[in-house]
Amino acid sequence: MNLPPLLRVLLWPLSQIYGAYVRGRRALYSRGWLKPRRLRATVISVGNLTVGGTVKTPMVLWLAEKFLAERKRVAILTRGYRGSHGSSDEIELLKRRLGGKVLFGVGSDRFASARRLESDNVIDIFLLDDGFQHLQLARDLDIVMLDGSRKLKDQWLLPAGPLREPIAACGRADILVVSRKFETPVIEAEDAHNFAIFYAQTRLLGFRPFATPSEAKYPSEIGSGPFFAFCGIGNPGGFFDDLRRWHVHVAEQKSFSDHHKYSPGELERLQSRAEACRAVALVTTEKDAENLPDANLRLPIWIAVIDLVFTAESELLAAIDRKLAARGAAA
């Protein structure tokens, strides 16, 4: 979210009003005037402080795979942002990666969605996607994702900046996961005393061809490029940086707004631009693949398949289990 400086200044008064609303709403819950509703199953929230770009969906995927490996019955609760007919690009991405192993509750009222699932199924774990600000639903663990390429102290609240809450809201989190930079502080030391901090990077598993059922291929199997990269995600710069880190030769790149749905005409223009810069193929993200139309392709489109790798994965797993056990004992 890179607004011109003058526009940020003009929007600053609205950010102050928004900040007062956020703090007031939180106070209603912290003082008990509003009470979150609790589900029978364990609830783990994965959220963030900023608008998009914190690899939140890969974290939900990582957690789902962890609990499925423990033979837990998992459901994912999501608003289905920018989606329709009970689905969205992120939901379709998760379904593609997890198959039919998890259930989905979709809707703005996550509690109602979860109760419908609980009435017909036995569920051990609910993963609350984008849940940090969804105070209406009680949770047993709050995981907050932060983008390590951003210094939060330099950011403003919406709409003048990308912050959805003041930095002090990190105090509600149980675990912070900082993506894209290892061992790089993104909050001030005095703010980091109530939670554990872990660091993650995106790892390239391979590339799969768009619109063709196929296993992901190693980078060496799709050629040395050059490639035309494009995406419509919360932090497009993060994807382009990842491509460079993975030694993918990018001739040119183009970004769109988050959750962008591509028209056939746009896809045609992307192919033409790729041909103009002598790219041998196009590369994009898994989320973007869910927003591409069916069309005749002159150049192949390769989808980057990723997961997360942590500097201290065993410690993160232990922290999750320890905090869940403590909450269970308290209950």
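1. Lining of the largest cavity. Helix H3 gives the largest share of this lining, three residues. The elements that supply two or more lining residues are S2 and H3. The residues around the cavity are Ile76, Thr78, Ser88, Glu90, Ile91, Leu94 and Asp129. Sorted by class, three of them are nonpolar, two are polar and two are charged. The model is a predicted one, and each point below should be read with that in mind.

2. Cavity volume. The largest cavity has a volume of about 30 Å³. The structure holds one cavity of 30 Å³ or more.

3. Helix H3 on the sheet. H3 spans residues 89-98 and lies across S2, S3, strand S4 (125-129), strand S7 (196-209) and strand S11 (301-310). Its direction runs at about 175° to that of S3.

4. Eleven strands form an open sheet with mixed pairing. Their order is S3-S2-S4-S1-S5-S6-S7-S11-S10-S8-S9. The edges are strand S3 (103-106) and strand S9 (250-255), each of which pairs on one side only. On average, and with direction ignored, neighbouring strands are turned by 25° against each other.

5. In general, the strands of a sheet pair through backbone hydrogen bonds, in either a parallel or an antiparallel sense. Here, strand S2 (residues 74-78) pairs with S3 in the parallel sense, over four bridges. Leu77 stands opposite Gly105 in S3.

6. Helix H1 (5-30) and strand S5 (141-147) each supply at least two residues of the lining.

7. Which classes make up the lining of the second largest pocket? Seven of its residues are nonpolar and seven are charged, with no polar residues. In the lining of the largest cavity, by contrast, two polar residues are found, along with three nonpolar and two charged ones.

Methods. Residues numbered from 1 in each chain as written. Predicted model: local features only at pLDDT ≥ 70, side-chain atom pairs only at ≥ 80, totals over all residues. Heavy atoms only, no water. Nonpolar A, V, L, I, M, F, W, Y, C, P; charged D, E, K, R; others polar. Pairing = 2+ DSSP bridges. Axes fitted to C-alpha atoms, helices over the stretch in contact; angles between N-to-C directions. Contact = heavy atoms within 4.5 Å. 1 Å grid on protein atoms, 1.4 Å probe; cavity = no way out; pocket = protein on both sides within 12 Å on 5 of 7 lines; lining within 4 Å. Points joined across faces, edges and corners; volume = space filled by probe spheres on them.
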